[in-house]
Amino acid sequence: MSVLERLAVGALIAGAISLCGRLMRALTWSGVVAAVLVGTLSFAFGGIAVAAAIVIFFVAGSALARLRSGSADRARSIAAKGATRDAYQVIANGGIATLCAIAAGIASADARSAGPLIAAAICAVAAASGDTWSTEVGAFSQTAPRRVTDLRRVEAGTSGGVTLLGTIAAPVGGMLIGIAGLAARAVMPIGAWLGVTAAAGLAGSLIDSVLGATLQGQWRCPGCGRVQDARCHRGCEMPGTLVSGVAWLDNDGVNAAATAAGACLGYLSAMAMH
Ligand SMILES: [Zn+2]
């Protein structure tokens, strides 16, 4: 297939899956546009392995977000955004992977440089998946999370909070993406590949927690006094005041940083084993 043909096929598949995501309330309309862009470019330049990794991440993450329980709903109520992903969330989770896929497509004449870039793209998705799994599975924890930096107990859903259940789920979520992108494992032996994608999942979750507990902006709602990720508490609709972290680093920025770490891990591992 030529690049144009791959773009067309990618757009058709990404369009169909994104519209299903919209019907399932997993995406906002802006999220649909971003998901079509991410899906089309990843498939056209990164091939079936990167595309499969992104699709499985999206489907599994959306399914987990729909498992409802009292504790999970409470945890989500203090997070900045709901389970319906907007364009910023889609780009934060899939942007780095898409850039790696495009770089791999450009480098594809030289398999030695394309292989590690494909590994980087898939490990970026594995990091996003590990973070999503630790959040969604960890929301079912019967014990309150502890802040990753000082291990003090915090309210469920607080950025930077970790649970044992969520931490165990993170490498599982990462390895699932490794299995989805198995077609790309030529860059290293299968056992190493599954290990690296599991490690990317764990790293994505831990980096998200550490940045969430330190640099990510936290805002106090003047209406109810609650400290949360969003500048404005949905429900009270009053602009909050910054109590910790930096104003410009929100959850989307933290997610993007976690996927960048996953991409570096995948790239360096593939280079080392190439
Ligand atoms: Zn409030």
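In this predicted model, Arg-220 sits across from Thr-241, a residue of β5. The two strands around this spot are β3, which covers residues 218-220, and β5, and they pair in the antiparallel sense over 3 bridges.

Next comes the metal site. A zinc ion has four protein donors, namely Cys-221 (SG), Cys-224 (SG), His-233 (ND1) and Cys-236 (SG), at 2.1 to 2.3 Å from the ion. Along the chain, these donors follow the spacing C-x2-C-x8-H-x2-C. Cys-221, in the loop between β3 and β4, and His-233, in the loop between β4 and β5, are 12 residues apart, and the pair links distant parts of the chain. The angles among the 4 donor atoms run from 97 to 126°, and the site is tetrahedral. Both of these residues are tucked away: Cys-221 counts as buried because its relative accessibility is 1%, and His-233 counts as buried at 10%.

Elsewhere, helix α8 spans residues 251-273 and includes Gly-253. With a relative accessibility of 27%, Gly-253 counts as partly exposed, since buried would require a value under 20%. Gly-253 lies 9.7 Å from Leu-211, C-alpha to C-alpha, with the two 42 residues apart in sequence.

Note on methods:
Residues numbered from 1 in each chain as written. Predicted model: local features only at pLDDT ≥ 70, side-chain atom pairs only at ≥ 80, totals over all residues. Heavy atoms only, no water. Helix = DSSP H or I, 4+ residues; strand = E, 2+ residues; numbered from the N terminus. Buried < 20%, exposed > 50% of the residue type's maximum accessible area, 1.4 Å probe, protein only. Pairing = 2+ DSSP bridges. Donors = N, O, S within 2.8 Å, 3.2 Å for Na, K, Ca; no water. Tetrahedral: all angles 85-135°; square planar, octahedral: opposite > 155°, others 65-115°.
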